Amino acid sequence: MSTLEIRDLHVSVETKEGPKPILRGVDLTIRSGETHAIMGPNGSGKSTLAYSLAGHPKYQITSGTVTLDGEDVLAMSVDERARAGMFLAMQYPVEVPGVSVSNFLRTAKTAIDGEAPALRSWIKDVNVAMEKLRMDPEFSERSVNEGFSGGEKKRHEILQMELLKPKIAILDETDSGLDVDALRIVSEGVNRVRETSDVGVLLITHYTRILRYIQPDFVHVFVDGRVAEEGGPELAERLENEGYDRFLVPSA
Ligand SMILES: Nc1ncnc2c1ncn2[C@@H]1O[C@H](COP(=O)(O)OP(=O)(O)OP(=O)(O)O)[C@@H](O)[C@H]1O
Ligand SMILES: [Mg+2]
(Lines give C-alpha, C1' and ligand atoms only; values in the text may rest on other atoms or scores of the structure.)
(Ligands and ions follow the chains in the order given, each with its own letter.)
Protein backbone atom coordinates (compact mmCIF):
# COMPACT_ATOMS: atom_id res chain seq x y z
CA MET A 1 0.00 0.00 0.00
CA SER A 2 1.25 3.47 -0.91
CA THR A 3 0.04 6.92 0.02
CA LEU A 4 0.84 10.17 -1.74
CA GLU A 5 0.15 13.07 0.58
CA ILE A 6 0.05 16.65 -0.64
CA ARG A 7 -0.21 19.21 2.15
CA ASP A 8 -0.80 22.94 1.74
CA LEU A 9 1.24 23.03 -1.46
CA HIS A 10 2.11 26.47 -2.81
CA VAL A 11 3.87 26.71 -6.15
CA SER A 12 5.09 29.64 -8.25
CA VAL A 13 6.15 29.65 -11.87
CA GLU A 14 9.13 31.63 -13.17
CA THR A 15 8.09 34.46 -15.46
CA LYS A 16 9.96 37.44 -16.93
CA GLU A 17 8.32 39.62 -14.28
CA GLY A 18 9.47 37.28 -11.50
CA PRO A 19 7.79 34.37 -9.72
CA LYS A 20 4.02 34.13 -10.19
CA PRO A 21 2.01 32.14 -7.60
CA ILE A 22 -0.17 29.46 -9.22
CA LEU A 23 -0.93 26.83 -6.58
CA ARG A 24 -2.32 28.32 -3.38
CA GLY A 25 -2.56 25.59 -0.80
CA VAL A 26 -3.38 22.21 -2.37
CA ASP A 27 -4.39 19.38 -0.04
CA LEU A 28 -4.86 15.91 -1.53
CA THR A 29 -4.27 12.34 -0.40
CA ILE A 30 -4.10 9.51 -2.94
CA ARG A 31 -3.86 5.91 -1.76
CA SER A 32 -3.13 2.72 -3.64
CA GLY A 33 -6.15 1.44 -5.50
CA GLU A 34 -7.93 4.81 -5.49
CA THR A 35 -8.78 6.88 -8.54
CA HIS A 36 -9.13 10.62 -8.07
CA ALA A 37 -10.41 12.87 -10.81
CA ILE A 38 -9.41 16.53 -10.86
CA MET A 39 -11.65 18.80 -12.88
CA GLY A 40 -11.37 22.54 -13.18
CA PRO A 41 -11.41 25.48 -15.57
CA ASN A 42 -8.55 26.32 -17.94
CA GLY A 43 -5.64 27.95 -16.18
CA SER A 44 -6.66 26.81 -12.69
CA GLY A 45 -3.30 25.09 -12.14
CA LYS A 46 -4.02 21.42 -12.85
CA SER A 47 -0.98 20.88 -15.07
CA THR A 48 1.08 22.96 -12.65
CA LEU A 49 0.17 20.45 -9.94
CA ALA A 50 1.07 17.53 -12.23
CA TYR A 51 4.44 19.03 -13.20
CA SER A 52 5.23 20.05 -9.62
CA LEU A 53 4.66 16.46 -8.45
CA ALA A 54 6.88 15.15 -11.25
CA GLY A 55 9.63 17.67 -10.42
CA HIS A 56 9.67 19.99 -13.43
CA PRO A 57 12.36 22.63 -12.75
CA LYS A 58 10.18 25.52 -14.00
CA TYR A 59 7.98 25.25 -10.90
CA GLN A 60 9.15 26.54 -7.55
CA ILE A 61 7.66 25.03 -4.42
CA THR A 62 7.29 27.98 -2.07
CA SER A 63 5.71 26.06 0.82
CA GLY A 64 3.95 22.84 1.72
CA THR A 65 4.91 19.17 1.61
CA VAL A 66 4.54 16.16 -0.67
CA THR A 67 5.34 12.71 0.71
CA LEU A 68 5.12 9.22 -0.74
CA ASP A 69 4.87 6.70 2.09
CA GLY A 70 6.39 9.28 4.38
CA GLU A 71 9.37 10.00 2.09
CA ASP A 72 9.90 13.62 1.07
CA VAL A 73 9.10 13.70 -2.65
CA LEU A 74 10.11 17.35 -3.02
CA ALA A 75 13.67 16.50 -1.95
CA MET A 76 13.92 13.88 -4.72
CA SER A 77 15.28 14.46 -8.22
CA VAL A 78 12.98 13.73 -11.16
CA ASP A 79 14.45 10.28 -11.73
CA GLU A 80 14.32 9.47 -8.00
CA ARG A 81 10.62 10.27 -8.10
CA ALA A 82 10.16 7.91 -11.05
CA ARG A 83 12.11 5.19 -9.27
CA ALA A 84 9.98 5.75 -6.16
CA GLY A 85 6.98 4.82 -8.33
CA MET A 86 5.60 8.11 -9.58
CA PHE A 87 4.52 8.44 -13.19
CA LEU A 88 3.29 11.40 -15.22
CA ALA A 89 1.42 11.15 -18.50
CA MET A 90 1.83 14.65 -19.87
CA GLN A 91 -0.89 16.82 -21.40
CA TYR A 92 1.53 17.65 -24.19
CA PRO A 93 4.05 14.79 -24.47
CA VAL A 94 7.47 15.95 -25.66
CA GLU A 95 9.19 14.71 -28.80
CA VAL A 96 12.59 13.10 -28.36
CA PRO A 97 14.18 12.90 -31.82
CA GLY A 98 16.86 10.24 -32.19
CA VAL A 99 15.62 8.03 -29.33
CA SER A 100 13.54 5.07 -30.47
CA VAL A 101 10.42 4.05 -28.56
CA SER A 102 11.84 0.58 -27.87
CA ASN A 103 15.11 2.01 -26.58
CA PHE A 104 13.31 4.57 -24.46
CA LEU A 105 10.97 2.01 -22.90
CA ARG A 106 13.75 -0.46 -22.12
CA THR A 107 15.98 2.26 -20.66
CA ALA A 108 13.13 3.57 -18.49
CA LYS A 109 12.23 0.06 -17.30
CA THR A 110 15.86 -0.68 -16.46
CA ALA A 111 16.27 2.59 -14.57
CA ILE A 112 13.09 2.08 -12.55
CA ASP A 113 13.65 -1.59 -11.70
CA GLY A 114 17.38 -1.17 -11.09
CA GLU A 115 18.12 -4.03 -13.50
CA ALA A 116 17.53 -4.75 -17.16
CA PRO A 117 14.38 -6.75 -17.90
CA ALA A 118 14.88 -10.28 -19.25
CA LEU A 119 14.96 -9.67 -22.97
CA ARG A 120 12.58 -12.30 -24.25
CA SER A 121 9.76 -11.64 -21.80
CA TRP A 122 10.28 -7.89 -22.16
CA ILE A 123 9.86 -7.96 -25.93
CA LYS A 124 6.74 -10.01 -25.47
CA ASP A 125 5.36 -7.62 -22.83
CA VAL A 126 5.96 -4.63 -25.10
CA ASN A 127 4.36 -6.33 -28.10
CA VAL A 128 1.31 -7.44 -26.12
CA ALA A 129 0.84 -3.99 -24.59
CA MET A 130 1.20 -2.31 -27.98
CA GLU A 131 -1.27 -4.68 -29.53
CA LYS A 132 -3.82 -4.02 -26.81
CA LEU A 133 -3.40 -0.28 -27.33
CA ARG A 134 -3.75 -0.85 -31.09
CA MET A 135 -0.32 0.59 -31.76
CA ASP A 136 1.37 -0.61 -34.92
CA PRO A 137 4.64 -2.49 -34.13
CA GLU A 138 6.48 -0.02 -36.39
CA PHE A 139 6.16 2.55 -33.57
CA SER A 140 8.94 0.66 -31.72
CA GLU A 141 11.49 1.92 -34.18
CA ARG A 142 10.23 5.48 -34.46
CA SER A 143 11.66 8.34 -32.41
CA VAL A 144 9.70 9.03 -29.22
CA ASN A 145 6.62 11.09 -30.10
CA GLU A 146 8.26 12.56 -33.22
CA GLY A 147 5.53 13.11 -35.76
CA PHE A 148 3.04 11.13 -33.65
CA SER A 149 -0.54 12.34 -33.93
CA GLY A 150 -2.13 13.69 -30.75
CA GLY A 151 -3.93 10.40 -30.11
CA GLU A 152 -0.82 8.34 -30.84
CA LYS A 153 1.10 10.34 -28.24
CA LYS A 154 -1.57 9.62 -25.65
CA ARG A 155 -1.49 5.88 -26.40
CA HIS A 156 2.28 5.96 -26.02
CA GLU A 157 1.90 7.56 -22.57
CA ILE A 158 -0.42 4.74 -21.48
CA LEU A 159 1.93 2.16 -23.02
CA GLN A 160 4.59 3.48 -20.63
CA MET A 161 2.17 3.28 -17.72
CA GLU A 162 1.34 -0.35 -18.55
CA LEU A 163 4.99 -1.36 -18.79
CA LEU A 164 6.43 0.66 -15.91
CA LYS A 165 3.71 -0.25 -13.40
CA PRO A 166 3.86 2.89 -11.24
CA LYS A 167 2.57 3.20 -7.69
CA ILE A 168 1.02 6.59 -8.39
CA ALA A 169 0.05 7.64 -11.90
CA ILE A 170 -0.81 11.24 -12.76
CA LEU A 171 -2.66 11.44 -16.06
CA ASP A 172 -2.95 15.01 -17.36
CA GLU A 173 -5.79 15.22 -19.88
CA THR A 174 -5.03 11.85 -21.35
CA ASP A 175 -8.48 12.04 -22.97
CA SER A 176 -7.96 15.29 -24.86
CA GLY A 177 -7.83 14.94 -28.61
CA LEU A 178 -8.91 11.30 -28.67
CA ASP A 179 -11.54 9.97 -31.04
CA VAL A 180 -14.25 7.75 -29.52
CA ASP A 181 -12.43 4.49 -30.25
CA ALA A 182 -9.10 5.79 -28.98
CA LEU A 183 -10.77 7.05 -25.81
CA ARG A 184 -12.07 3.57 -25.12
CA ILE A 185 -8.75 1.90 -25.97
CA VAL A 186 -6.76 4.28 -23.78
CA SER A 187 -9.27 3.94 -20.92
CA GLU A 188 -9.09 0.16 -21.15
CA GLY A 189 -5.31 0.45 -20.87
CA VAL A 190 -5.63 2.50 -17.68
CA ASN A 191 -8.18 0.04 -16.32
CA ARG A 192 -5.89 -2.92 -17.03
CA VAL A 193 -3.21 -1.30 -14.90
CA ARG A 194 -5.81 -0.57 -12.19
CA GLU A 195 -6.97 -4.20 -12.20
CA THR A 196 -3.55 -5.84 -12.29
CA SER A 197 -1.79 -3.56 -9.81
CA ASP A 198 -2.45 -1.39 -6.80
CA VAL A 199 -1.88 1.86 -8.68
CA GLY A 200 -3.31 5.07 -7.30
CA VAL A 201 -4.50 7.34 -10.11
CA LEU A 202 -4.80 11.11 -10.31
CA LEU A 203 -6.80 11.75 -13.45
CA ILE A 204 -6.97 15.33 -14.68
CA THR A 205 -9.79 15.92 -17.13
CA HIS A 206 -12.34 18.40 -18.41
CA TYR A 207 -14.94 15.89 -19.42
CA THR A 208 -17.08 13.22 -17.80
CA ARG A 209 -16.72 11.20 -21.02
CA ILE A 210 -13.55 9.45 -19.81
CA LEU A 211 -15.02 9.04 -16.31
CA ARG A 212 -17.67 6.74 -17.76
CA TYR A 213 -14.85 4.34 -18.66
CA ILE A 214 -12.52 5.04 -15.75
CA GLN A 215 -14.73 5.42 -12.73
CA PRO A 216 -13.30 7.72 -10.10
CA ASP A 217 -13.71 7.14 -6.37
CA PHE A 218 -13.33 10.85 -5.68
CA VAL A 219 -13.81 14.02 -7.71
CA HIS A 220 -12.02 17.24 -6.80
CA VAL A 221 -12.91 20.62 -8.24
CA PHE A 222 -9.80 22.66 -8.83
CA VAL A 223 -10.25 26.43 -8.95
CA ASP A 224 -7.65 29.17 -8.74
CA GLY A 225 -4.85 26.93 -7.55
CA ARG A 226 -6.62 24.95 -4.88
CA VAL A 227 -9.28 22.30 -4.30
CA ALA A 228 -12.59 24.16 -4.03
CA GLU A 229 -14.89 21.17 -3.52
CA GLU A 230 -14.73 17.42 -3.25
CA GLY A 231 -17.24 14.66 -3.76
CA GLY A 232 -17.98 11.37 -5.47
CA PRO A 233 -18.61 10.61 -9.15
CA GLU A 234 -21.92 12.51 -9.06
CA LEU A 235 -19.98 15.76 -8.67
CA ALA A 236 -18.48 15.27 -12.14
CA GLU A 237 -21.95 15.07 -13.71
CA ARG A 238 -22.98 18.20 -11.87
CA LEU A 239 -19.92 20.11 -13.12
CA GLU A 240 -20.57 19.09 -16.68
CA ASN A 241 -24.13 20.37 -16.44
CA GLU A 242 -23.52 23.51 -14.42
CA GLY A 243 -19.94 24.53 -15.25
CA TYR A 244 -17.70 26.22 -12.72
CA ASP A 245 -19.61 29.47 -12.28
CA ARG A 246 -20.58 28.88 -8.68
CA PHE A 247 -16.91 28.44 -7.71
CA LEU A 248 -15.64 31.56 -9.40
CA VAL A 249 -15.43 34.74 -7.38
CA PRO A 250 -17.23 37.46 -9.33
CA SER A 251 -14.79 40.18 -10.34
CA ALA A 252 -15.48 43.59 -8.82
N1 LIG B 1 5.68 31.07 -17.79
C2 LIG B 1 4.49 31.52 -17.37
N3 LIG B 1 4.22 32.83 -17.33
C4 LIG B 1 3.03 33.30 -16.90
N5 LIG B 1 2.01 32.50 -16.51
C6 LIG B 1 2.21 31.19 -16.56
C7 LIG B 1 3.44 30.61 -16.98
N8 LIG B 1 3.35 29.27 -16.90
C9 LIG B 1 2.09 29.02 -16.44
N10 LIG B 1 1.41 30.16 -16.24
C11 LIG B 1 0.00 30.31 -15.83
O12 LIG B 1 -0.32 29.39 -14.82
C13 LIG B 1 -1.72 29.14 -14.84
C14 LIG B 1 -1.97 27.66 -14.63
O15 LIG B 1 -1.59 26.93 -15.78
P16 LIG B 1 -1.86 25.37 -15.90
O17 LIG B 1 -1.23 24.90 -17.17
O18 LIG B 1 -1.42 24.69 -14.65
O19 LIG B 1 -3.45 25.31 -16.00
P20 LIG B 1 -4.43 24.08 -16.26
O21 LIG B 1 -5.39 24.05 -15.13
O22 LIG B 1 -3.64 22.85 -16.54
O23 LIG B 1 -5.22 24.56 -17.58
P24 LIG B 1 -5.78 23.70 -18.84
O25 LIG B 1 -7.10 23.17 -18.40
O26 LIG B 1 -5.96 24.75 -19.91
O27 LIG B 1 -4.79 22.65 -19.19
C28 LIG B 1 -2.22 29.68 -16.16
O29 LIG B 1 -2.94 30.86 -15.93
C30 LIG B 1 -0.95 29.97 -16.94
O31 LIG B 1 -1.09 31.04 -17.84
MG1 LIG C 1 -3.42 21.62 -18.15
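Predicted model: local features only at pLDDT ≥ 70, side-chain atom pairs only at ≥ 80, totals over all residues.
Which helix gives the most to the lining of the largest pocket?

Residues are numbered from 1 along each chain as its sequence is written, chains are lettered from A and ligands numbered from 1 in written order, and side-chain values use heavy atoms, with hydrogens and water left out.

Okay, back to the pocket. The answer is α2, with five residues. That helix runs over 78–83, and by helix I mean a DSSP run of H or I with at least four residues, while a strand is a run of E with at least two, both numbered from the N terminus. The largest pocket holds about 820 Å³ of space. Points are joined across faces, edges and corners, and the volume is what probe spheres set on them fill.

There are 32 lining residues, and V78, A82, L88, F104 and Q160 are the closest to the centre. Besides α2, at least two residues each come from α1, β6, α3 (101–113) and α5 (150–164). By class we get 20 nonpolar, six polar and six charged; here Ala, Val, Leu, Ile, Met, Phe, Trp, Tyr, Cys and Pro are nonpolar, Asp, Glu, Lys and Arg are charged, and the others, Gly among them, are polar.

The second largest pocket comes in at about 200 Å³. Its lining has five nonpolar, one polar and six charged residues, including K109, W122, D125 and R192. This time α4 (119–132) gives the most, with five residues.

Now the ligands. Ligand 1 is surrounded by 17 residues, with G43, K46, S47, T48 and H206 the closest; the cut-off there is a heavy atom within 4 Å. An oxygen of ligand 1 sits 2.7 Å from a side-chain N or O atom of K46, and another pair puts a backbone N or O atom of S47 at 2.9 Å from a ligand oxygen.

S47 also turns up at the magnesium ion, ligand 2: its OG and the OE1 of Q91 are the protein donors, at 2.0 to 2.2 Å. S47 is in α1 (46–54) and Q91 in the loop between β6 (86–89) and β7 (96–100), so this pair ties together parts 44 residues apart in sequence. Donors are N, O and S atoms within 2.8 Å of the metal (3.2 Å for Na, K and Ca), and water isn't among the atoms, so sites may look incomplete.

How buried is this region? Q91 is at 14% relative accessibility, so buried, and in α1 nine of nine residues are buried. Buried means under 20% relative accessible area, exposed over 50%, partly exposed in between, with a 1.4 Å probe and protein chains only.

Key
1 Å grid on protein atoms, 1.4 Å probe; cavity = no way out; pocket = protein on both sides within 12 Å on 5 of 7 lines; lining within 4 Å. Polar contact = N/O pair within 3.5 Å; in protein donor to acceptor, adjacent residues only side chain to side chain.
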